[in-house]
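The sequence and structure are shown first.

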Protein chains: 2
Amino acid sequence: MNNHVEILDTTLRDGAQGEGITFSVQDKLAVVKALDELGVSWIEAGNPGSNPKDMEFFRLASSLKLENAKLCAFGPTRKKGLKPEEDAQVLSLLQAETSAVVIFGKSWDLHVTEVLKVSLEENTAMIAETAAFLNGKGRVVIYDAEHFFDGFTANRDYALSTIKAVIDAGASRIVLCDTNGGAFPDTIADGVNAVMELVGSKDVIVGIHTHDDAGMSISNTIAAVRAGCRHVQGTLVGFGERCGNTSLAAVIPSLEIKLGFQCLPEGKLERISDLTRKVAEIANVAVPDNLPYVGAHAFAHKAGMHADGILKVRRSFEHVDPSLVGNDRHFLMSEVGGRSAIAERAKKIDPAITKDHPVTAALASKLKNLEAQGWQFEGADGSFDLLVRRELGRYKPLFGIEAYRVVSEHPTGETIACSHAWVKVLVDGQHEIAAAEGAGPVNALDGALRRALKHFYPELEKVRLSDYKVRVIDGNAATAAKVRVLIQSTDGIQDWTTVGVSEDIIEASRAALVDSIEYKLIGDIERRFKTYL
Amino acid sequence: MNNHVEILDTTLRDGAQGEGITFSVQDKLAVVKALDELGVSWIEAGNPGSNPKDMEFFRLASSLKLENAKLCAFGPTRKKGLKPEEDAQVLSLLQAETSAVVIFGKSWDLHVTEVLKVSLEENTAMIAETAAFLNGKGRVVIYDAEHFFDGFTANRDYALSTIKAVIDAGASRIVLCDTNGGAFPDTIADGVNAVMELVGSKDVIVGIHTHDDAGMSISNTIAAVRAGCRHVQGTLVGFGERCGNTSLAAVIPSLEIKLGFQCLPEGKLERISDLTRKVAEIANVAVPDNLPYVGAHAFAHKAGMHADGILKVRRSFEHVDPSLVGNDRHFLMSEVGGRSAIAERAKKIDPAITKDHPVTAALASKLKNLEAQGWQFEGADGSFDLLVRRELGRYKPLFGIEAYRVVSEHPTGETIACSHAWVKVLVDGQHEIAAAEGAGPVNALDGALRRALKHFYPELEKVRLSDYKVRVIDGNAATAAKVRVLIQSTDGIQDWTTVGVSEDIIEASRAALVDSIEYKLIGDIERRFKTYL
């Protein structure tokens with residue numbers, strides 16, 4: 001048997017069913033890019049028939065140039081009594097214009113008779129006819145056998161008969177789902193074995209989809225792969241209904257490092273910590289610190305004896321080398337930063353910078369300080385670029401804010417609130433003051449600052465803020481907590497992101513706005529004159 | 001074989017080795033009481049030889065009246081070249097005056113020769129002599145075989161010989177530890193089987209201690225119990241080195257409900273959600289929302305089809321009944337949810353509301369409208385409650401905000417920015433105005449509003465905002481984008497969450513603050529007078 005396991009990420013579908021997880025269309029496009037960069041085989045990107053936002057996404061996504069991944073649209077089998085070609089949800093799967101579609105059907109007789117309330121025969125027909133129809137339209141059909149393991153336990157013959165029917169109808173992947181998340185690895189292995197036997201020598205890949213309701217989604221996925229599955233579904237961070245789906249970030253390293261399977265293209269495993277944080281950041285949540293392999297604590301050693309053991313023999317207290325997954329070892333008192341990663345990024349400003357360059361060490365220590373205060377440069381390439389320039393002495397400020405005042409008020413007798421701001425800037429010894437109203441205090445400040453600066457830098461006319469994210473860092477301090485603001489800007493040609501941190505959201509936004517404008521102006525100068533400093 | 005599994009909780013020892021976890025002596029006493037209430041058999045409460053705080057704790061703990069649990073002191077075997085009675089750390093285990101002591105020794109030859117740097121024979125003698133000495137002093141000896149599974153894989157004969165020696169020396173429990181957390185369930189089962197054979201008919205209990213570095217601590221624990229272990233170590237919430245220890249809250253329910261073992265006294269399992277939150281609260285961290293069985297999301301259903309299925313047949317989307325572990329089923333109000341879920345929640349306000357009640361339809365359409373504008377009631381139970389009350393006509397406002405003004409400024413010549421606010425409220429025809437400074441505009445507004453209202457509602461003194469989240473809804477509009485603010489509040493007895501949406505972060509925060517205060521005041525009135533409207 002071959003050792004290649006294809007990965008399907010469903011962050012944008014099952015992941016979006018997790019509590020507190022929502023994605024805008026722009027977020028979805030950004031997640032797709034990150035997953036493609038990681039090198040997953042398939043991205044289950046939404047349910048076009050249930051959600052107009054998802055249909056809009058598929059329209060925009062069709063112009064993305066993906067290197068590794070293919071997009072899939074997800075939806076149910078046909079409704080009872082309809083033909084597939086009469087069912088709007090089935091037709092919407094075609095309208096998404098993806099090369100593959102994922103359809104889900106019922107394997108558990110209880111669901112068929114008590115929830116769907118159709119006969120067992122009609123359920124089988126619903127599955128097979130939908131698969132045949134989509135297959136006939138040239139789609140790769142991935143079939144999710146919902147509640148397969150519960151169905152296999154309750155009525156083995158019926159569960160297997162639905163699988164046989166959908167194979168005969170042309171499905172190319174049969175994905176066995178532990179939808180309720182309560183199965184144990186031995187049940188998983190039994191179910192996979194039975195389906196492998198059914199598949200025999202046919203050209204069909206068997207897959208696995210697990211949830212973490214009993215804390216065993218990872219073991220269940222591994223048990224399934226050992227029993228023959230070569231398609232694994234999950235969500236990178238582990239988002240998903242209830243306790244979440246299998247975290248791909250936690251299971252892929254075990255499959256690759258410990259069991260010798262190949263899930264991602266060569267060289268991609270060491271990107272997994274990085275890209276997991278990126279996807280979490282887009283969803284505006286933190287990667288759980290204790291997430292295996294990629295969490296911030298995964299290689300953090302607290303007990304003195306453990307630190308001591310590691311300094312003698314690395315593997316004495318580490319089950320794998322953290323660099324294999326792009327994570328870092330931390331000791332509570334003597335931190336070892338990720339210098340290679342820093343040098344890699346600083347090279348963009350000065351190609352002479354290496355891991356051992358003194359600037360790299362200085363940046364590592366500055367980064368550590370700023371991160372302890374809540375800054376984070378992971379997604380903020382623009383601010384990181386400015387940080388490197390400052391450290392290299394290749395920076396001088398292009399403007400200063402002398403003073404500002406932002407007022408948000410709901411005056412007596414009025415029905416709505418309003419915000420206005422003025423800003424006074426200093427450029428080359430010249431002052432300029434400007435005011436603006438805005439939809440909220442940050443927007444007013446942004447407007448006033450741009451107006452004041454346009455006087456000196458008319459090229460700012462083309463700059464537009466394309467995304468604005470706010471993250472409360474220490475929620476426990478409630479409205480007095482520190483916030484981190486991330487601003488994405490665009491001038492129509494390139495995008496860049498900057499960051500600001502403060503207990504005061506206005507100050508955090510000001511810092512990110514100033515970085516955004518400086519990054520743009522410095523870049524323009526360098527492009528125009530081939531040099532800036 | 002009997003079906004009783006004894007539980008040893010090590011929250012106060014291995015748990016305290018987790019990053020960010022520290023306990024004062026008073027905290028430790030409170031954790032002991034909670035664990036005793038849950039009914040664990042053993043509480044590993046500290047390392048008296050390494051830590052004066054732990055010795056002080058053992059002195060105070062000796063006067064606790066425990067109903068179920070016995071305390072254990074934890075420490076290493078004797079140092080090389082010393083007799084046990086000459087080793088201060090071994091003697092400190094006696095000074096703790098617990099009925100049982102847990103000692104740990106090395107099973108992995110790599111650790112013996114490369115980390116401890118003693119001969120294999122000396123290591124075995126260190127283990128056996130320490131066990132014999134403590135046994136001779138009347139202590140129940142629990143032996144933690146550190147790195148047992150790595151040792152078993154590397155040098156099986158040596159690992160087993162250390163176990164044989166400690167059994168002969170009188171240890172009553174042999175606990176096999178996957179210290180680095182990277183073992184797989186099949187290795188665990190092999191190791192346990194070998195030790196079970198060694199134990200034979202002797203009166204020795206074999207135990208298991210796992211870590212979550214490969215995300216398999218729970219499966220590993222279960223594999224060990226199935227292979228014969230009748231002693232399980234872990235930490236209730238899952239605190240511990242790196243990715244943490246096995247969470248007892250996540251594994252005990254599977255052992256009891258799914259496998260028929262008895263871990264806790266009769267009737268205690270339904271306290272586990274409650275007591276897990278209590279222990280987490282003492283440690284000043286939140287229980288992870290996705291923790292199996294006991295987390296806030298463990299039985300939270302978002303997809304409409306899932307909610308609909310559950311209302312037809314509970315087990316269609318629930319692997320166990322949440323009441324067995326004292327947790328609650330939730331339906332998340334969202335665009336993917338449906339009427340069944342709305343009715344289920346609205347019943348808490350008026351038990352007469354059903355899926356087909358006209359109020360349910362009205363709420364569904366209102367919810368859809370509000371969600372299209374960026375509201376989200378998924379986590380905002382407080383605001384949803386108020387929405388239902390308004391729809392039912394069971395609501396009148398308890399106060400109004402007449403006017404407010406929030407100023408954030410960075411005056412010329414100053415080095416820092418500041419924020420201040422005033423708010424004018426109207427309650428029962430009476431006006432009150434108050435002002436406050438704050439760390440940022442929202443904090444200033446919050447402070448001024450509370451000051452003004454405390455005049456009328458002194459009970460607000462007890463209310464504290466415990467979390468504040470901001471999410472930009474449509475990042476594309478950048479700083480003019482709508483933001484959604486979620487505020488979690490507590491009065492020390494209950495927690496509630498409210499939501500506000502606006503293009504203006506001040507207005508969004510105001511809406512969520514007003515809902516938070518109203519929810520509290522209405523709840524208090526209803527409790528006091530058994531009715532509100």
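## Contacts along the sequence

In this predicted model, contacts in chain A between residues at least 6 apart in sequence join residues at least 24 apart in 65% of cases. Chain A contains 17 helices and 16 strands.

## Dimensions and burial

Chain A has 533 residues, and a compact globule of that length would have a radius of gyration near 24 Å; the value for chain A is 27 Å, which agrees. The C-alpha trace of chain A spans about 85 × 65 × 45 Å along its principal axes. Buried residues make up 54% of the 533 in chain A.

## The barrel of chain A

Eight strands of chain A form a closed barrel in the order β1-β2-β3-β4-β5-β6-β7-β8, with parallel pairing. On average, neighbouring strands of this sheet are turned by 25° against each other, direction ignored.

Strands of a sheet pair through backbone hydrogen bonds, either parallel or antiparallel. Ile43(A) has Leu71(A) as its bridge partner in β3(A).

## Helices against the sheet

Two helices of chain A are described here. Helix α9 (residues 217-226) of chain A packs on the sheet and touches β6 (173-178), β7 (205-210) and β8 (231-234) of chain A. The direction of helix α9 of chain A makes about 170° with that of β7(A).

Helix α3 (residues 88-95) of chain A lies across β3 and β4 (100-106) of chain A. Relative to β3(A), helix α3 of chain A runs at about 175°.

## Contact between chains A and B

The contact involves 88 residues from chain A and 91 residues from chain B. On the side of chain B that touches chain A, strand β11 (residues 400-410) of chain B supplies the largest share, with nine residues. By class, that side of chain B has 39 nonpolar, 29 polar and 23 charged residues.

Strand β11 of chain B also takes part in strand pairing across the contact: β11 (residues 400-410) of chain A and β11(B) pair in the antiparallel sense over seven bridges. One bridge partner in β11(B) is Tyr404(B), which is paired with His410(A).

Notes: Residues are numbered from 1 along each chain as its sequence is written. Chains are lettered from A and ligands numbered from 1 in the order in which they are written. This is a predicted model: local features need pLDDT of at least 70, side-chain atom pairs count only at pLDDT 80 or more; totals for chains, interfaces and linings use all residues. Helices (H or I, at least four residues) and strands (E, at least two) are DSSP runs, numbered from the N terminus. The radius of gyration is taken over C-alpha atoms; the globule rule is 2.2 Å times the number of residues to the power 0.38. A residue is buried if 20 or more other C-beta atoms lie within 10 Å of its own, exposed if 12 or fewer, and partly exposed in between; C-beta atoms are placed from the backbone. Two residues are in contact if their C-beta atoms, placed from the backbone, lie within 7 Å. Two strands pair if DSSP finds at least two bridges between them. Axes are lines fitted to C-alpha atoms, for helices over the stretch in contact, and angles run from 0 to 180 degrees between N-to-C directions. Ala, Val, Leu, Ile, Met, Phe, Trp, Tyr, Cys and Pro count as nonpolar, Asp, Glu, Lys and Arg as charged, and the others, Gly among them, as polar.
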